[in-house]
Amino acid sequence: MHSVFSSCSTIILAVLIALVPTTVHSLTLDIDKEALRMLKRSIDPNTIPKASYLSSWDFSIDPCESTGGQFQGILCSVPLDNNARSRITAIDLDSAGYDGFLAPSIGNLTDLTALNLGRNNFRGPIPDSMSNLRKLVSLSMSRNFFTGSIPVGVASLKKLEMLDLSYNNLSGAIPTKLSGLRSLLHLRLSQNEFSGRIPDLTGSWQLQTLELGSNLLYGSLPKFPVNLRTLSLTHNSLSGHISQIGKLQHLVTLDLSYNRFTGSITQEVLTLPEVVRIDVSVNHLRAIEVPKFAGRETRLQQLDSQANLLRGNLPINLVTIGKLTSINLSNNQFSGPIPAEYGAKLETSWRSLYLDHNFLGGSLPPQFGIASVRMRGSLANNCLMCPPNVRLCRGGQRPVSECVGLNDDNE
């Protein structure tokens, strides 16, 4: 009797165990594991510090099943189906100084949404296989030593919102097909060796940040996406007029310095409603159109137009820009007296004023002697009657021979 009861119990227990759903651990897809393995193999092991993310990549453990400090810098998907495999969805390497190449197998990580290799020593070309990463939203490879051109296939990454390839050794033309990236919000390609003209990027109509500084770009300005908030084109060989910038009504930061622009700094640019900082220094601009800002909504705080060819009297309407605190008009050809209204602004909102290396003449407004103690700036190398005890006058004035006749009409 006991043996029969025991047998029945065993059968019932076996049935119950069979009915309990078993948990099957989701292992990383083999092709993803191999791509990670190749990424690590492509880096000089002598440049993988002990406490770095890559040092935690131990392939005796499954990447997506690892815990604690293992496989740092990666994220995985969690499959809903117990029979499915986990995929690598993000790689965010630390800035440990890894030295090596980016293996073409990176293109096998087709579920990748974010890839950040920034601030390391990767070199060689960007693999063409990157075009396979169709789910990629963020791609940052800045501050490395990548060479060659931007692979054409990058333009097929339609979900891309951020592309940062700045501070590398990339060259060639900026692909015109980047304009087809309609989800793109931030494009940073500065500090490379890109050449040619800036392409029309108006197709990327959501673009908010465009940074192309310190390249070998030339030619006139193209049309820009109207939603831009940051535009930096510094240190190129761009030319022509800048008036069309006045159409960018959402612009906050504008840097056109160190180029070859000509014509005027137009009032359409200066009166952009959201702009906070304008830098047009070191160009060949000949005039600045400053309207009266009284009653206008403006956020402009910093204006730098040093080292141009600006001439005539100092623009008196600068004092009507309510939030302006920093002005640099040095190294131009301004003449005439310093307006008394400038002195009044030194007592209130102006904190930085550089007027040095012009041909200004006459006496200083009295506030300059008092306010210069707390201000940054310079009045050196003009034709002013500048008391040596005024800090802004340090550096001396021009020889009389350089000043004869320049300010006669203003005396």
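A disulfide is here a pair of cysteine sulfur atoms within 2.5 Å, and the exercises below apply that cut-off, among others, to a predicted model.

**Exercise 1. Find how many disulfides the whole structure holds, and work out the pairing of the bonded cysteines in sequence order.**

Step 1. A search of the whole structure finds three disulfides.

Step 2. One of them joins Cys64 to Cys76, with an S to S distance of 2.0 Å; Cys383 and Cys403 form another, their sulfur atoms likewise 2.0 Å apart; and Cys386 is joined to Cys393 at 1.8 Å from S to S.

Step 3. When the bonded cysteines are numbered in sequence order, the pairing reads 1-2, 3-6, 4-5.

**Exercise 2. Determine the handedness of each link from the angle about its S-S bond.**

Step 1. The link of Cys64 and Cys76 has -85° about the S-S bond and is left-handed.

Step 2. For Cys383 and Cys403 the angle is -85°, and this link is left-handed.

Step 3. The link of Cys386 and Cys393, with -70° about the S-S bond, is left-handed as well.

**Exercise 3. Locate Cys64, Cys76, Cys383 and Cys403 in the chain, and decide whether each is buried or partly exposed.**

Step 1. Cys64 lies in the loop between α2 (30–41) and β1 (74–76), whereas Cys76 belongs to strand β1, and the two are 12 residues apart.

Step 2. The cut-off for buried is under 20% relative accessible area; Cys64, with 16%, is therefore buried, while Cys76, with 27%, is partly exposed.

**Exercise 4. Describe the open sheet of nine strands, including its order, its edges and one of its pairings.**

Step 1. The strands follow the order β3-β5-β7-β9-β11-β13-β15-β17-β19, and their pairing is parallel.

Step 2. The edge strands, each pairing on one side only, are β3 (99–101) and β19 (284–288), and the twist averages 20° from one strand to the next.

Step 3. Within the sheet, two bridges join strand β9 (residues 169–172) to strand β11 (residues 193–196), and the bridge partner of Gly172 in β11 is Phe194.

**Exercise 5. Compare the radius of gyration of the protein chain with that of a compact globule of 411 residues.**

Step 1. A compact globule of that length would have a radius near 22 Å, but the protein chain has 31 Å.

Step 2. Taken along the principal axes, the C-alpha atoms fill a box of roughly 125 × 45 × 45 Å.

Methods: Residues numbered from 1 in each chain as written. Predicted model: local features only at pLDDT ≥ 70, side-chain atom pairs only at ≥ 80, totals over all residues. Heavy atoms only, no water. Pairing = 2+ DSSP bridges. Helix = DSSP H or I, 4+ residues; strand = E, 2+ residues; numbered from the N terminus. Axes fitted to C-alpha atoms, helices over the stretch in contact; angles between N-to-C directions. Rg over C-alpha atoms; globule rule 2.2 N^0.38 Å. Buried < 20%, exposed > 50% of the residue type's maximum accessible area, 1.4 Å probe, protein only.
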